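Student: I have a model on my screen and want to learn how to read it. Can we go through some features together?
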Amino acid sequence: MCIPRSTPSDCSDCLKGAADDRANPKTTDNSSGNMSTKTIVAIVVVGVVILSIILGLIARPFARKGKSYQEVELNQTGITSVRSLQYKFSTIEAATNNFSESKKLGQGGFGDVFKGMLPDGKEIAVKRLSRTSVQSKKEFKNEVVLVAKLQHRNLVKLLGFSVKGEERVIVYEFLPNRSLDYILFDPKKQGELDWEKRYKIIGGIARGILYLHQDSQPTIIHRDLKAANILLDAHMNPKVADFGTARIFGMDQSVANTENPAGTRGYMPPEYRDQGQFSMKSDVYSYGVLVLEIICGKRNTSFSSPVHNFVTYVST
């Protein structure tokens, strides 16, 4: 149908166009096909735009603007899943009297340990990791993520952590009898460990290791079992501590290798010390050395010689 226009020539043009369409039906079909393709493209474009808007709305709560340095740091460490365990750094400073030397309990490879007291009167042990060591940052992440998931009477209990700038601290339950080496290798204190207590300590450590190897999900290889990493509560019950070098094993994994063995010489099996190969057997070997130390009351280094180490000395 021709819509009347202002001049006769417009109408004639319209009629001519209609006649041409009837004479060339293929042109009309192609035009319809082109319109159909354009319609499909338009629908797809609109769909993509709508989907983008929906995804943006979903992601909005997770993309908070203006994050503080501490929040960014926590995301980088990968421990946001245990954020509920986070303490204010000022609380830890106050609890330890600003990490006073008088509160210092001991010193490890990657930091110092201090005794503290929270405002509610709860005693805590605070591990302050080295601020300059890159390795200590890995230790921090590893220990917090692992220990937060572990629950066993013979494993030390993690209470929380704190991060401020380069400062990283881990908060544990306080155990009044400190570490096993503190008593076992002190000639004046080792008399407190009669055979019944030593037997209880040996059994408790075994239960803690068994939990790590068989009952925890996932399987965990400690890699640094030694007297200094066994803490004792008020009743001389042992608790395995210091999971900074621990490794997770998959369900079907039995052996792993590393170019940089982490642990303490004297407690490390030969295949791990020399070739970097470790497994559950590595922890069992370390446990065996630890048992010998508990029985003998001597450090494994006391028996080292150019010919024998502690294990070969005992076995010959």
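Student: Where does Pro-218 lie?
Tutor: Pro-218 lies in the loop between α7 and β6 (219-221). Helices (H or I, at least four residues) and strands (E, at least two) are DSSP runs, numbered from the N terminus. A cis peptide bond joins Gln-217 to Pro-218, with omega about 5°. Two notes before we go on. This is a predicted model, where local features need pLDDT of at least 70, side-chain atom pairs count only at pLDDT 80 or more, and totals for chains, interfaces and linings use all residues. Residues are numbered from 1 along each chain as its sequence is written, and side-chain values use heavy atoms, with hydrogens and water left out.

Student: At what angle do helix α7 and helix α9 pack?
Tutor: Axes are lines fitted to C-alpha atoms, for helices over the stretch in contact, and angles run from 0 to 180 degrees between N-to-C directions. Helix α7 (residues 195-215) and helix α9 (residues 280-296) pack at about 175°, and their axes are 11 Å apart. That makes α7 roughly antiparallel to α9 (over 145 degrees counts as roughly antiparallel).

Student: Which residues make the contact?
Tutor: Contact means heavy atoms within 4.5 Å. From α7, the residues include Trp-195, Ile-202 and His-213. From α9, they include Asp-283, Tyr-287 and Leu-290.

Student: Is Lys-127 buried or exposed?
Tutor: Buried means under 20% relative accessible area, exposed over 50%, partly exposed in between (1.4 Å probe, protein chains only). Lys-127 has 11% relative accessibility, so it counts as buried. Lys-127 sits in strand β3 (residues 123-129). An unreviewed UniProt entry annotates Lys-127 as "binding site". Such annotations may be inferred rather than shown by experiment.

Student: With which side chain does the side chain of Lys-127 make a polar contact?
Tutor: A polar contact is a pair of N or O atoms within 3.5 Å; within protein, one must be able to donate a hydrogen and the other to accept it, and residues adjacent in sequence count only if both atoms are side-chain atoms. Here the partner is the side chain of Glu-143, at 3.2 Å.

Student: What does the side chain of Glu-173 reach?
Tutor: The side chain of Glu-173 reaches the backbone nitrogen of Lys-157, at 2.8 Å. Glu-173 belongs to strand β5 (residues 167-173). At 18% relative accessibility, Glu-173 counts as buried.

Student: What is phi of Met-236?
Tutor: Met-236 has a positive phi of about 65°, although it is not a glycine. Met-236 is in the loop between β7 (230-232) and β8 (238-240).

Notes:
Angles under 35 degrees count as roughly parallel, over 145 as roughly antiparallel, 65 to 115 as roughly perpendicular and the rest as oblique.
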